[in-house]
Amino acid sequence: AALTAGYTVLYALALVPDLPTWSQLEPDCVRLRSLDLPALQVIAAVLAQSVALDFYAAHVERTLETFLALNQEMVAAGDVGGIDKPRLLRLVAENNTVMAEIVSKLGVHERHDVAWRDPAAGRVWEFLRAELELAPRFRTLDMKFNLVQDNLKYFLEILQARKSDSLEWTIIVLIGLEICLTVYELASKVG
């Protein structure tokens, strides 16, 4: 079993000394003739990846819920007045951090070194990855991350457009003041 911050994966490991092969792979159980370091390494790595995927999936779900709330606020208010720029920028930073952690630390698409060197450990590695559905779960997580990124881009574009509108109005007011001052100076010289 692997455990991280409330996330667990339970998977049975049975030692069967008279097993005809090095391993016997069954749903919910890996049977090994003996417990050796390569077996422990690949089993621990796959279980850790599974737990980490659950952790990151929960994070992405919370982020999506935040965007759902922001979208609902926009629907109710009819405008974007409630968007908090610092909060949005924090979400951007959190999302980027989590994506970097998944790519650099999780290594879902990378084969464990032991699985490369030891064919028997490699079979256990591939079996457990398939059994725990790591690849499909990662694809789902990636799809949700893309949805988060699309929401982030959308809200940042709205904030940028709002800032551009403010700057345009400021420029218009300044030009209007310049015209008024010029007309006043001309009127002062004529009169």
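**Close-up 1. Helices α2 and α5 pack against each other in this predicted model.** K85, L88, L89, L91, V92, N95, V98, M99 and I102 of α2 meet F138, L141, F145, V148, Q149, L152, F155, L156 and L159 of α5. Contact here means heavy atoms within 4.5 Å. Helices (H or I, at least four residues) and strands (E, at least two) are DSSP runs, numbered from the N terminus. Two packed helices are described by the angle between their axes and the distance between the axes. For α2 and α5 the angle is about 150°, and the axes lie 11 Å apart. Axes are lines fitted to C-alpha atoms, for helices over the stretch in contact, and angles run from 0 to 180 degrees between N-to-C directions. The two helices, α2 and α5, are therefore roughly antiparallel to each other. Angles under 35 degrees count as roughly parallel, over 145 as roughly antiparallel, 65 to 115 as roughly perpendicular and the rest as oblique. α2 passes α5 in a left-handed crossing. A crossing is left-handed if the near helix is turned anticlockwise from the far one by less than a right angle, and right-handed if clockwise.

Residues are numbered from 1 along each chain as its sequence is written. The model is predicted, so local features need pLDDT of at least 70 and side-chain atom pairs count only at pLDDT 80 or more, while totals for chains, interfaces and linings use all residues; side-chain values use heavy atoms, with hydrogens and water left out.

**Close-up 2. Helix α1 packs on α4.** The angle between α1 and α4 is about 20°, and their axes are 9 Å apart. That makes α1 roughly parallel to α4. The crossing of α1 past α4 is right-handed. From α1, the contact uses P38, V42, I43, A45, V46 and Q49. From α4, A121, V124, W125, L128 and R129 take part.

**Close-up 3. Three strands form an open sheet.** The strand order is β3-β5-β4, and the pairing is mixed. Two strands pair if DSSP finds at least two bridges between them. β3 (12-15) and β4 (23-26) are the edge strands, each pairing on one side only. Neighbouring strands of the sheet are turned by 15° against each other on average, direction ignored. β3 and β5 (residues 29-32) run parallel and are joined by four bridges. In this pairing, L15 has L32 of β5 as its bridge partner. A12 has C29 of β5 as its bridge partner.

**Close-up 4. β4 and β5 form a hairpin.** These strands, β4 and β5, run antiparallel, with four bridges between them. S23 stands opposite L32 in β5. Two residues lie between the strands of the hairpin. In the turn, D28 has a positive phi of about 70°.

Close-up 5. Side chains of opposite charge can pair when their charged atoms come close. A salt bridge is a side-chain nitrogen of Lys or Arg within 4 Å of a carboxyl oxygen of Asp or Glu. A search of the whole structure finds four salt bridges. One of them pairs D54 with R137, with the closest N and O atoms 2.8 Å apart. D54 is partly exposed at 28% relative accessible area, and R137 is partly exposed at 22%. Buried means under 20% relative accessible area, exposed over 50%, and partly exposed in between (1.4 Å probe, protein chains only). E61 and K144 also meet in a salt bridge, at 2.3 Å from N to O. E61 is partly exposed at 30%, as is K144 at 23%.

Close-up 6. R111 is partly exposed, with a relative accessible area of 25%. E126 is partly exposed at 39%.
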